[in-house]
Amino acid sequence: MSAPDLIVLRDICFAFSPAKPVLNHADFSLAAGEKVALTGPNGAGKSTLLHIMMGLQIPTTGTITILQKTCKTEKDFSTIRGKVGLLFQDSDDQLFCPTVIEDVAFGPLNLGYSDADALEISHKTLTDLGLSGFENRITHQLSGGEKRLVALATVLAMAPEILLLDEPTNGLDHIVENRLTSILQNLPQAMVIISHNQPFLDQVASRQVTLHNGDLISGHETIKNITAGTTS
């Protein structure tokens, strides 16, 4: 018997204005261990879809099931957010403490860990990401790539069951991108990964879906045909 899907979205509709729907009766599911690439043009609504999964945006219609829990209200989503880690597209939206160690420890502390345990988790997470020695660095003085990795550390420190990653390679040079690729390949968590970096997705993702005219379409070949204006 197969395990139940970790995320199930059914008949999701969402629009910022009635004239232009972002999601139009879209369906999506994420199974345990899957690493799903979410692609599409700028402005298609990819980030909005991740925000809907976290309860940061509320769809007009449809059902959202996360870790077998139907989520409708803020209270519903608040119970699952510690198990679903969201990496924002802009790292400055995620980093708000004076130092790196404070930012990374913030999540574990809010999950109820003691100060000592939160610091231990934070040190280990930074070491795993190749950021040992960054603990007392001033967050706003980091480079864009360093901020990206620290933002990822704040997510991983909470040991989520699901990762939602919005443009994780933004601001990374080739060496750091290769390190991040290796890290994500070896993480056990299921993931939804937004990226315009197709070579990166080809190495990390187990399948790909594209957001096109408010709908989610599976399959790289089908996606390329749509982009070219042909039929398969």
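Cys13 is buried, with a relative accessible area of 11%, where buried means under 20% relative accessible area, exposed over 50% and partly exposed in between, for a 1.4 Å probe and protein chains only. The model is predicted, so that local features need pLDDT of at least 70 and side-chain atom pairs count only at pLDDT 80 or more, while totals for chains, interfaces and linings use all residues. Residues are numbered from 1 along each chain as its sequence is written, and side-chain values use heavy atoms, with hydrogens and water left out.

The structure holds zero disulfides, a disulfide being a pair of cysteine sulfur atoms within 2.5 Å. The closest cysteine sulfur to that of Cys13 belongs to Cys71 and lies 18 Å away, which is too far for a bond. Cys97 also counts as buried, at 15% relative accessibility.

In helix α4, which covers residues 115–128, the buried residues are Ala118, Ser122, Thr125 and Leu126. These residues lie on the same side of α4 because they cover an arc of only 95° around the axis, the arc being that of the directions from the helix axis to the C-beta atoms. Ala116, Glu120 and Lys124 are exposed on the face turned away from the buried side. Helices are DSSP runs of H or I with at least four residues, and strands are runs of E with at least two, numbered from the N terminus.

The cover over the buried residues of α4 includes α3 (100–110) and α5. Thr154 is placed in α5, residues 144–156, and counts as buried at 9% relative accessibility. Thr154 touches Gln94, Leu95, Asp103 and Val104, residues up to four places away in sequence not being counted, and contact means heavy atoms within 4.5 Å.

How values were computed
Expected span 1.5 Å × (residues − 1).
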